[in-house]
Amino acid sequence: MALYPVIMCGGAGTRLWPASRPSRPKQFIPLAGDRSLFQETVTRVASLAGDEGRLIVVGGLRHREWIVEQLDELQIEAQVLLEPEARDSAAAMAAAAAWAERRDPQAVIAFVASDHHIPDHKAFRKAVTEAAAGAADGRIVTLGVTPSEASQAYGYIKPSGRGLSAVDAFVEKPDRAQAQTYIDAGYLWNSGNFIVSAAALIEELSAHAPAVLKAVRAALPAEDAGRVQALGAAFAGSPRISIDYAVMEKTVRASVLEVDFAWSDLGAWDAIAASGEGGTGQHIFEDAEGCLVRAPDGVLVAALGVRNLAIVVEDDAVLVCDLAQAQGVKKVVERIKAVSPRHLDFAAPPAEALAEGAARFADWMRLKALPMWSSLGQSSDGAFAEVLSLEGRPMSLSRRARVQARQIYVYANAGRNGWQGPWRDIVERALTRLYADYLRPDGLCRTTLTAEGAPLDDTAYLYDQAFVLFALSAAKSAGIDDPTLESRAVTLRDALLAGAPASGGLIEAGDHPYQSNAHMHLLEACLGWEAAGGDAGWTALADRVVDLAMTRFIDPEGGFLREFFGPDWAPADGEDGRLVEPGHQFEWAWLLARVGRARGRADITAAAQRLYVAGRRGVAERPMIAMDAMNDDGTVRSRRARLWPQTEWLKASLILAESAADGERQRLIEDAAAALRALWLYLTPDGLWRDKHLPQGGFIDEPAPASSFYHIAAAFSQLADTGRAQGLRGLEDVALR
């Protein structure tokens, strides 16, 4: 029997206003210690899954970032199911049950609330394990807590006996006198935790709430949709009903297990005060007793001559409440709805839309980045700097061919996009330097020069050859008056093919001779020459690379692309063969989308779409940025996030949006806006950038690498191309003029 703990993250916690609000409900706030209630719950239940089960979290789309960030802080993996809108507990539980049953027909689920305070984690897990044995026999078991007082805050359960027994009755929250009567009669508090097999719950929903089950099944995402899955729009068609009304009041399977550990749902400020751990911030008491104070950093609360108050301070609101009246805060919230609705939630600036971000991006390119890198970043003889310090100073480093080639592309492409700067002179001087310093007598390109410009490494890496070919195609497309562009490219291409196997992949120099990355840039160069009017050899080579990608690079089952291979082009042994880079999923998706469209190949387009999904799994939530590396099983290998994957996410979402329809198109446009916002995290106001974002926040303090400009410029170019091709509002005239 595999156990699946399911944490239910619904509810707004209005009785804990002003700290708890719709955009930040109480489960994500530290109310009884340093961790949030949600994190305490994760810590309490995660180990119940063991090796065979899976921790599941069900929450709302608007709380996606809170859920993922707080899971990441604990470094605990979970399957996250996100509701497009709240439909109460029956639909949420049905979604988790349907997901778990699809994975494991014998699954037993422990549904737990995300906002309960249970200090004794061991006792809780012991109770769930005992209840799971009953659930495996078809019972629906709830945990009934032995009451410590006649509370009006909880519902009550009448058990038929002691231990694990049938339920005689569920009753709603009573007044205090009735609560005491219930306690005297042996009733238990209803904790709202349920342990049930997925199959049993689905059977009961099918019998008593079939509309809920039908809507949820229609909304269930695909099995390979990643660790964070949004339920489909069909979820909104579920009736809004609690599990109590939908199933528990009708089923004959209801059982209760009596437990006797400290438990509170921390539903109001009196419960927070009673926990003894809810106070935060600086305060001064003078003749003040029994008060709970919560204040943000920088705020001092002073209380004089008062008793039993909750004093809760937020940036925009203050609550002063008699703790004996804490259940009435909900009434205050109802009045706020009419008097000052803006105080119902925290104000949040709207996320920058794609059109606004694109206009800002164009200005940054035109006024800052392009002038910066063509003046301070290029010497008078045409050689480009490898890096610029964040103060804009070139640094003396060895000079790579790929940087010279990439910068030629950047400025040739800037001319194509309307930049009025001296792009033609910049490109011509850079080509002169490329020919003189980097090209070998055989037409191939050496990899590195010294800082002074002397040959340092004559190795002809396939990666570098691809970028030289790409630079030459960009210069040709931009109209550079150089009759040798195409002949140089053909000579280089033919030299590459002369040293390559007759079919299949080309071999890279260095430690990883069988790799997908160098082929990716070779494909980009071939497509560049197709666009520039090159001969049929470019199409033949492009199709050769695409065939390799479709048959070898892309995993046939998972739809993701690997990095390293063996001599037979099967995945490399060990960790090399398991590496999956989200940025390369996006970059290949962008290229294959172009090929699929140009060749009329639906299979290639479908592969591009699957690669996009694979890349999207590598996008972190807070901040929403594409991470560096995953494993082939979908686990995170590196949470660091470089600049370039953000640009590839932007490019792929835009090109796929061009051929998508309706809701999918809108989703991809929203993804493009998110990717552009991610890119803005890296760009500095003066035309430079940071490169490596650290998992704990912040960036590595290092100079701006010139090599990133190619990615940035290509992303801008795709933004402009999509705007022109699709006539997207606000993007029609995105250009550098």
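How many helices and strands are there in the protein?

Analyst: The structure is a predicted model, and the protein has 23 helices and 25 strands. Along the principal axes, its C-alpha atoms fill a box of roughly 100 × 60 × 45 Å. The protein has 737 residues, and buried residues make up 56% of them.

The aromatic pairs come next. A search of the whole structure finds 33 aromatic pairs. One of them joins Phe 467 and Tyr 710: the ring centres are 5.0 Å apart and the planes stand at 90°, so this pair is edge-to-face. Phe 467 belongs to helix H14 (residues 462-478) and Tyr 710 to helix H23 (residues 708-726), so the contact ties together parts that are 243 residues apart in sequence. Phe 467 has a relative accessibility of 0% and therefore counts as buried. Tyr 710, also at 0% relative accessibility, counts as buried as well.

A second pair also involves helix H23. Trp 689 and Phe 709 form a tilted pair, with 5.3 Å from centre to centre and 50° between the planes. Trp 689 lies in the loop between helix H22 (662-680) and strand E24 (692-693), whereas Phe 709 is in helix H23; the two residues are 20 apart, and the pair links distant parts of the chain. Both Trp 689 and Phe 709 are buried.

Trp 689 and Phe 709 are also members of a cluster linked by ring pairs. One member, Trp 680, has a charged neighbour: the charged end of Arg 360 sits over the ring of Trp 680, 3.8 Å from its centre. A further contact of this kind is made by Lys 651, which lies over the face of Trp 590 at 3.7 Å from the ring centre.

Two other features complete the picture. Strands E20, E21 and E22 form an open sheet in the order E20-E21-E22, with antiparallel pairing. Strand E20 (579-580) and strand E22 (636-638) are at the edges, each with a single partner strand, so one side of each has no neighbour in the sheet. Strand E21 (residues 629-631) and E22 run antiparallel and are joined by two bridges. Met 630 has Val 636 in E22 as its bridge partner.

As for the cysteines, a search of the whole structure finds zero disulfides. Cys 445 is accordingly in no disulfide, and the nearest cysteine sulfur, that of Cys 526, is 16 Å away. Cys 445 counts as buried because its relative accessibility is 0%. Cys 9, at 2% relative accessibility, likewise counts as buried.

How values were computed:
Residues are numbered from 1 along each chain as its sequence is written. This is a predicted model: local features need pLDDT of at least 70, side-chain atom pairs count only at pLDDT 80 or more; totals for chains, interfaces and linings use all residues. Side-chain values use heavy atoms; hydrogens and water are left out. A disulfide is a pair of cysteine sulfur atoms within 2.5 Å. Buried means under 20% relative accessible area, exposed over 50%, partly exposed in between (1.4 Å probe, protein chains only). Two strands pair if DSSP finds at least two bridges between them. Helices (H or I, at least four residues) and strands (E, at least two) are DSSP runs, numbered from the N terminus. Rings of Phe, Tyr and Trp (its six-membered ring) pair if their centres lie within 6.5 Å; planes under 30 degrees apart count as stacked, over 60 as edge-to-face and the rest as tilted. A charge sits over a ring if NZ of Lys or CZ of Arg is within 6 Å of the ring centre and within 35 degrees of the ring normal.
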